[in-house]
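Subject: Structure handover

Hello,

I am passing this structure on to you. Please open it and keep it in view while you read the notes.

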Amino acid sequence: MNAVIEQMLAHRSIRRFTDEPVEEAHVAAAIEAGQMASTSASIQSYCIIRIRSVERRNRLIELTGNQTKVARCGAFFVVCGDTRRHRLLAERADETYDARFEAFLLAIVDATLFAQNVVLAFESLGYGACYIGGLRNDLPQVQELLGFPHGVYPLFGLCIGHPDQDPMRRPRLPLEQVLFEEQWPEDEAMLAAMDEYDQVVADYYQAREGGSPDATTPRRDWNSQMIEKFIAPRRVSVAPYYRQQGASLD
Ligand SMILES: Cc1cc2nc3c(=O)[nH]c(=O)nc-3n(C[C@H](O)[C@H](O)[C@H](O)COP(=O)(O)O)c2cc1C
């Protein structure tokens with residue numbers, strides 16, 4: 001359709017990288033491009049912290065659930081929601097700072113829009129990217145390692161580097177399960193459509209892993225993965241950690 005859409009449609013997470021470094025000029029260009037993402041009332045409540053220290057990155061492998069790519073990618077970043085600079089301004093002006101849940105939410109939304117623009121910019125330069133939600137596995141330990149000040153909320157890591165693999169694209173829900181006209185469809189229609197998608201995902205896993213599953217290989221699909229994912233609370237230290245950093249649910 002056009003080069004931008006083709007680039008977006010070609011996305012797949014890259015989890016193995018060559019040793020080739022990420023050019024500094026490319027880092028600056030991608031982050032400046034990311035900054036041009038829309039931002040709620042221009043508050044720009046995010047920052048991105050590059051972690052270069054080998055010791056810290058090695059420790060982050062453990063803290064993210066043994067994700068070696070965190071230390072093996074050309075450049076590793078932590079994307080944060082950041083309300084601190086607004087509070088600093090208020091305090092310097094001797095004004096009240098009373099930001100509640102809306103401010104925290106805006107920080108998450110702004111940071112995420114920014115990050116995806118950064119990723120797209122890097123991908124357009126030929127790099128591969130992988131977000132690291134595993135950063136939230138143990139935020140208190142990550143805090144001890146990286147020392148974020150109050151008002152800064154680490155949301156996810158970001159690995160960038162030259163791809164050393166060429167994985168298949170992972171299928172997404174069909175358009176009609178995401179784009180609705182006027183209102184959400186009937187639950188029954190949604191469930192039937194998800195069963196179709198489930199088969200698409202099962203076929204993807206089979207193609208990715210090469211060949212037909214034998215009797216001992218459990219069928220991997222989407223429906224059961226989603227059930228499994230939300231069967232019990234996960235990362236329960238996340239909420240108290242963000243609260244301690246200044247987030248409010250009020
Ligand atoms: C916020 C976020 C966190 C993620 N965390 C991880 C992670 O910790 N490790 C990982 O290997 N992939 C991670 N991913 C990548 C997703 O697994 C991946 O985007 C998804 O399976 C779709 O595959 P694709 O990006 O190749 O199309 C994350 C993605 C997002 C958006």
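Predicted model: local features only at pLDDT ≥ 70, side-chain atom pairs only at ≥ 80, totals over all residues.

The chain as a whole

The chain holds ten helices and four strands. Along the principal axes, the C-alpha atoms take up a box of roughly 65 × 50 × 40 Å.

The chain is split into two parts. Domain 1 consists of residues 3-167 + 235-245, and domain 2 covers residues 175-219. Note that domain 1 is written as two stretches, with the residues of domain 2 falling between them in the numbering.

The ligand

Where does the ligand sit? Its place is the largest pocket. There are 13 residues around the ligand, and those that come nearest are H11, S13, R15, G133 and R172.

Sorted by class, the shell around the ligand contains three nonpolar, five polar and five charged residues. Which element gives the most to this shell? That is strand β3, residues 128-132, which supplies three residues.

In the side chain of H11, an N or O atom is 2.7 Å from an oxygen atom of the ligand. The side chain of K69 also has an N or O atom by a ligand oxygen, here at 3.2 Å. With G133 the backbone takes part: one of its N or O atoms lies 2.7 Å from a nitrogen atom of the ligand.

How much of the ligand does the protein cover? On its own, the ligand has 620 Å² of accessible area, and the protein covers 68% of this.

Regards

Terms used
Residues numbered from 1 in each chain as written. Heavy atoms only, no water. Domains from an automatic or database assignment. Near = heavy atom within 4 Å. Polar contact = N/O pair within 3.5 Å; in protein donor to acceptor, adjacent residues only side chain to side chain. Areas by Shrake-Rupley, 256 points an atom, 1.4 Å probe, with all protein chains shown as cover. 1 Å grid on protein atoms, 1.4 Å probe; cavity = no way out; pocket = protein on both sides within 12 Å on 5 of 7 lines; lining within 4 Å. Sits in = over half its atoms within 2 Å of the grid points. Helix = DSSP H or I, 4+ residues; strand = E, 2+ residues; numbered from the N terminus. Nonpolar A, V, L, I, M, F, W, Y, C, P; charged D, E, K, R; others polar.
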